[in-house]
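The following exercises are meant to be worked with the sequence and the coordinates at hand.

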Amino acid sequence: MSVRETFLKATEEILDADPDVAIVLADISAAQLAGAARRHPDRVINVGIREQLLVSTGAGLALAGLRPIVHTFPSFLVERAFEQIKLDFSHQDVGGVLVSYGASYDMPAAGRTHQSPGDVALIDSLPGWTVHVPGHAVEARRLLLESIPGDGRVYLRLSAQSNASPHLGVGFTRLRFGSSGVVVAVGPVLDRVLRACAGLDVTVLYASTIRPFDAAGLRSAVLSASGSVVLVEPYLAGTSAFWVSEALADLPHRLRSLGVRRDVEVRTYGGTGDHDLAHGLDAGSLRLSIRDFLGE
């Protein structure tokens with residue numbers, strides 16, 4: 001089952017089990033949740049393609065005591081409706097679970113309107129948000145279920161790209177041990193990072209939750225290896241660079257940030273593999289970047 005299908009199935013289960021949970025849609029995924037809408041017409045709300053209203057409605061439900069799930073593509077959820085996220089959720093200090101699907105460029109044939117490499121950076125400008133970037137459907141289900149209790153603000157970023165196996169640790173999970181550097185992989189880039197690091201003397205860390213940032217986990221890995229850190233994220237390059245620097249402020253270190261390019265807008269359509277290559281996020285390009293940085 002795909003990440004998106006897993007999310008929708010888990011959402012139906014949550015709606016059936018918990019009368020305090022509602023989901024707000026903007027047409028996206030409404031057809032797949034039609035059965036849940038028939039069973040719970042007052043808690044499955046489709047506002048149509050009005051994304052600012054989508055977010056404001058979710059915040060209103062939170063003010064009324066419900067736990068809202070707010071869902072659409074990331075360019076519409078985070079970029080188009082950012083003012084509503086900032087004011088209606090963050091400024092009013094209410095909680096909810098924002099769930100996007102489409103990531104940085106999962107739908108390249110749809111063009112730039114459906115690409116959102118800057119979504120995590122935007123959310124990161126607001127305090128108090130938890131950000132999950134699962135790399136596997138099993139991780140996505142667990143992170144969604146863990147996000148429902150309580151009243152925190154959560155952004156769950158789902159992607160069509162996936163790793164072969166889930167990793168369910170908390171914070172950074174150390175998957176490989178080495179001494180010449182630390183390579184951090186976030187979410188669905190993990191398998192490409194592991195292929196890129198084959199035969200290299202590096203420690204590989206993995207995280208599906210990137211906010212809050214596991215400063216202690218990174219420090220421990222650096223102290224066991226070296227202060228050369230490569231950060232590989234499936235969105236805007238360098239999004240977590242500030243947090244790396246904060247975590248290692250009192251330690252000698254250097255950082256190479258890899259992710260979606262900041263210097264140009266890639267105007268290619270093609271497929272996701274074409275975009276991976278254009279941004280240097282395919283396994284071969286990652287290996288060249290990592291080896292060049294570490295001097296291997």
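A residue counts as buried under 20% relative accessible area, as exposed over 50%, and as partly exposed in between. The model used here is a predicted one.

**Exercise 1.** Locate Ala-64 and decide whether Ala-64 is buried or exposed.

*Solution.* Next, take the relative accessibility, which is 64% for Ala-64, and because exposed means over 50%, Ala-64 counts as exposed.

**Exercise 2.** Compare the span of helix α1 with the expected value, and state which of its residues are buried.

*Solution.* Helix α1 covers residues 3-17, which makes 15 residues, and its first and last C-alpha atoms lie 21 Å apart, close to the 21 Å expected at 1.5 Å a residue. For burial, the residues of α1 under the 20% cut-off include Val-3, Phe-7, Ala-10, Ile-14 and Leu-15, and also Arg-4 and Thr-11.

**Exercise 3.** Describe the open sheet of seven strands, giving its order and its edges.

*Solution.* The order of the strands is β2-β1-β3-β4-β6-β5-β10, and the pairing is mixed. The edges are β2 (44-46) and β10 (209-211), each of which pairs on one side only. Neighbouring strands of this sheet are turned against each other by 20 degrees on average, direction ignored. Within the order, β4 (residues 96-101) and β6 (residues 153-158) run parallel and are joined by six bridges, and Tyr-101 has Leu-158 in β6 as its bridge partner.

**Exercise 4.** Explain why strand β9 is described as largely enclosed, and identify the strands joined to it.

*Solution.* Five of the five residues of β9 (residues 203-207) are buried, so the strand is largely enclosed by the rest of the structure. Taken face by face, Thr-203, Leu-205 and Ala-207 are buried on one side, and Val-204 and Tyr-206 are buried on the other. Strand β7 (residues 173-176) runs antiparallel to β9 and is joined to it by three bridges, whereas β8 (residues 182-186) runs parallel to β9 with five bridges. Leu-205 takes part in both pairings, as the bridge partner of Arg-174 and as the residue opposite Val-184.

**Exercise 5.** Characterise the largest cavity by volume and lining.

*Solution.* The space in the largest cavity is about 70 Å³. Its lining comprises 13 residues, with Ala-103, Ser-104, Ser-159, Gln-161 and Pro-234 nearest the centre, and the lining divides into six nonpolar, three polar and four charged residues.

How values were computed
Residues are numbered from 1 along each chain as its sequence is written. This is a predicted model: local features need pLDDT of at least 70, side-chain atom pairs count only at pLDDT 80 or more; totals for chains, interfaces and linings use all residues. Side-chain values use heavy atoms; hydrogens and water are left out. On a 1 Å grid over the protein atoms alone, a cavity is a set of points where a 1.4 Å probe fits but cannot get out, and a pocket is an open set with protein on both sides within 12 Å along at least five of seven lines; lining residues have an atom within 4 Å of a point. Grid points are joined across faces, edges and corners, and a volume is the space filled by probe spheres set on the points. Ala, Val, Leu, Ile, Met, Phe, Trp, Tyr, Cys and Pro count as nonpolar, Asp, Glu, Lys and Arg as charged, and the others, Gly among them, as polar. Helices (H or I, at least four residues) and strands (E, at least two) are DSSP runs, numbered from the N terminus. The expected span of a helix is 1.5 Å times one less than its number of residues. Buried means under 20% relative accessible area, exposed over 50%, partly exposed in between (1.4 Å probe, protein chains only). Two strands pair if DSSP finds at least two bridges between them. Axes are lines fitted to C-alpha atoms, for helices over the stretch in contact, and angles run from 0 to 180 degrees between N-to-C directions.
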